[in-house]
Structures are given as structure tokens and as C-alpha cells.
Amino acid sequence: MALLPILRFPDPRLRKVAEPVARIDDAIRRLARDMAETMYEAPGIGLAATQVDVHKRLIVIDASETRDELLTLVNPEIVEQSGQQRGEEGCLSVPGIYDKVERAQRVVVRYLDLDGKQQTVEAEGILSVCLQHEIDHLQGRVFVEHLSQLKQQRIKSKLSKQARITA
Ligand code: K1U
Ligand code: ZN
């Protein structure tokens, strides 16, 4: 197992649109394991392959309080959505920044599991928000892009100051 480096906003590689996974093989299963280890260690409740500079449609999520309900989703697609909610989000690629984003209240997501079997998950609350946030990453979108231009500028300058301090 390995911890993977996480890209930081505004790295242009976070804007790439991920390709569907054509075959679920040992390399994909290893990547999924490494992503889960990276997510738990961060710690986070989700991680998209885009964030570790792999542009394939693969995400891992564990939004449980007990941290023992890992979901691994290959080629996830939102097939139904309804309602609205506005909640605080964070992102491992935008460390230290939290802000409110408008999302669907309920989503149904279709995906393949690591055995290649088609599955669906129906979610509300934080799991629904996390699924939408991670699927956005696969489309090359970071949550701060839902915020105003002014807020995005402030976030970029805060992150570049932080980067200068830690360099
Ligand atoms: O995609 C990511 O960068 C992971 C991100 C997911 C997310 C968080 C909140 C709302 C929507 C999506 C995170 O996990 S940020 C860290 C975080 O929120 C958290 C970490 C540990 C325990 C609980 C939450
Ligand atoms: Zn994120």
C-alpha cells in the first residue's frame, strides 16, 4: 500500500476531465486501495483519482462516523437527483478552506464495484454531498469554482501565501 501525493488547487491538472475505466484489473484495484489509504490518512471522507493525478473515473468515499464503510465507485454516474441543500464543504486539494455550496439533496448514483458488478447507491445528507463533490472532481471541477470570483481570488492568494510559508 502507498500514500499518494494530493494535487493542490489551482494546479491545472485538477481541471482535466477523467476517462472512463475500460477494464477493472489489478492496477485499478491497487490504485483504489492506495486512494483509500490516502483518504483515511489525510483524513478525508472522499478522494477522486483526479486529485492524485490519475485521470480515470474512480472515487473512494467513507462518510461514516465509524470510518468503516468504504465505498469504491468505478465510472460513477448520477442517474437521479432531487431537492436542494446548502452545506459547508472542504477539499483535500484546497486545505484549510471551507465554504457553503448548493447541491442536490438526494442523488442516485450508478457505478461498477471492483468486481465489475453494476451497483447503485441512493444518498442524502453528507454522503450525497460527498458523491456530488467527488464526481465534480472527475469532471475537472473543484468546489471553490461554485463560489464567486472574488472568493476564488481570495482563496488563491491565501493558498499561495501558505505555500510560500511552508516552502
Ligand atoms: O474530495 C476531497 O477533497 C475530500 C473532501 C470531501 C468532502 C468534504 C466535505 C464535503 C464534501 C466533500 C474531504 O474529505 S475534506 C475533509 C473533511 O471534510 C473531513 C475530514 C475528516 C473527517 C470529517 C470530514
Ligand atoms: Zn475535493
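Is Lys151 buried, partly exposed or exposed? Lys151 comes out as partly exposed, with a relative accessible area of 35%. I'll come back to that lysine in a minute. Before that, a reminder that what we have here is a predicted model.

Lys151 makes a salt bridge with Asp99, and the closest N and O atoms are 3.1 Å apart. Asp99 sits in strand S5 and Lys151 in helix H3, so this pair ties together parts that are 52 residues apart in sequence. Asp99, at 16% relative accessibility, counts as buried.

Let's move to the metal. Which protein atoms are the donors of the zinc ion, ligand 2? They are the SG of Cys91 and the NE2 atoms of His133 and His137, lying 2.1 to 2.3 Å from the zinc. Written as a spacing along the sequence, that's C-x41-H-x3-H. Cys91 belongs to the loop between strand S4 (85–89) and strand S5 (99–103), while His137 is in helix H2, so to speak 46 residues away, and the pair links distant parts of the chain. Both Cys91 and His137 are buried; for Cys91 the relative accessible area is 10%.

While we're on cysteines: the disulfide count is zero. Take Cys130, which is buried at 5% relative accessibility. The closest cysteine sulfur to its own is the one in Cys91, and at 9.9 Å that's too far for a bond.

Now H2 itself, residues 125–138. At 1.5 Å a residue, its 14 residues should span 20 Å, and the end C-alpha atoms are 21 Å apart, which agrees. The helix is mostly covered, with 11 of the 14 residues buried. Among those buried residues are Cys130, Leu131, His133, Asp136 and His137. After the helix comes Gly140, with a positive phi near 80°.

In soluble globular proteins, nonpolar side chains tend to be buried together. Here the largest nonpolar core has 16 residues, and the ones with the most contacts inside it are Ile59, Ile61, Leu73, Val107, Val109, Val121 and Leu131. At least two core residues come from each of S2 (58–61), S3 (71–82), S6 (106–112), S7 (118–124) and H2. H2 gives the largest share, four residues.

Last topic, charges. The whole structure has 12 salt bridges. One of them joins Glu145 to Arg15, with the closest N and O atoms 3.2 Å apart. Glu145 is in the loop between H2 and H3 (149–166) and Arg15 in the segment before H1, so that pair ties together parts 130 residues apart in sequence. Glu145 is partly exposed at 23%, and Arg15 is exposed at 55%. Another salt bridge is Asp25 with Arg23, at 3.7 Å from N to O. And there's a network of salt bridges linking Glu89, Arg103, Asp136 and Arg141; Asp136 is one of the buried H2 residues.

Technical notes. Residues numbered from 1 in each chain as written. Chains lettered and ligands numbered in written order. Predicted model: local features only at pLDDT ≥ 70, side-chain atom pairs only at ≥ 80, totals over all residues. Heavy atoms only, no water. Expected span 1.5 Å × (residues − 1). Buried < 20%, exposed > 50% of the residue type's maximum accessible area, 1.4 Å probe, protein only. Donors = N, O, S within 2.8 Å, 3.2 Å for Na, K, Ca; no water. Disulfide = S-S within 2.5 Å. Core = buried A, V, L, I, M, F, W, Y, C linked by side-chain atoms within 4.5 Å. Salt bridge = Lys/Arg side-chain N within 4 Å of Asp/Glu carboxyl O.
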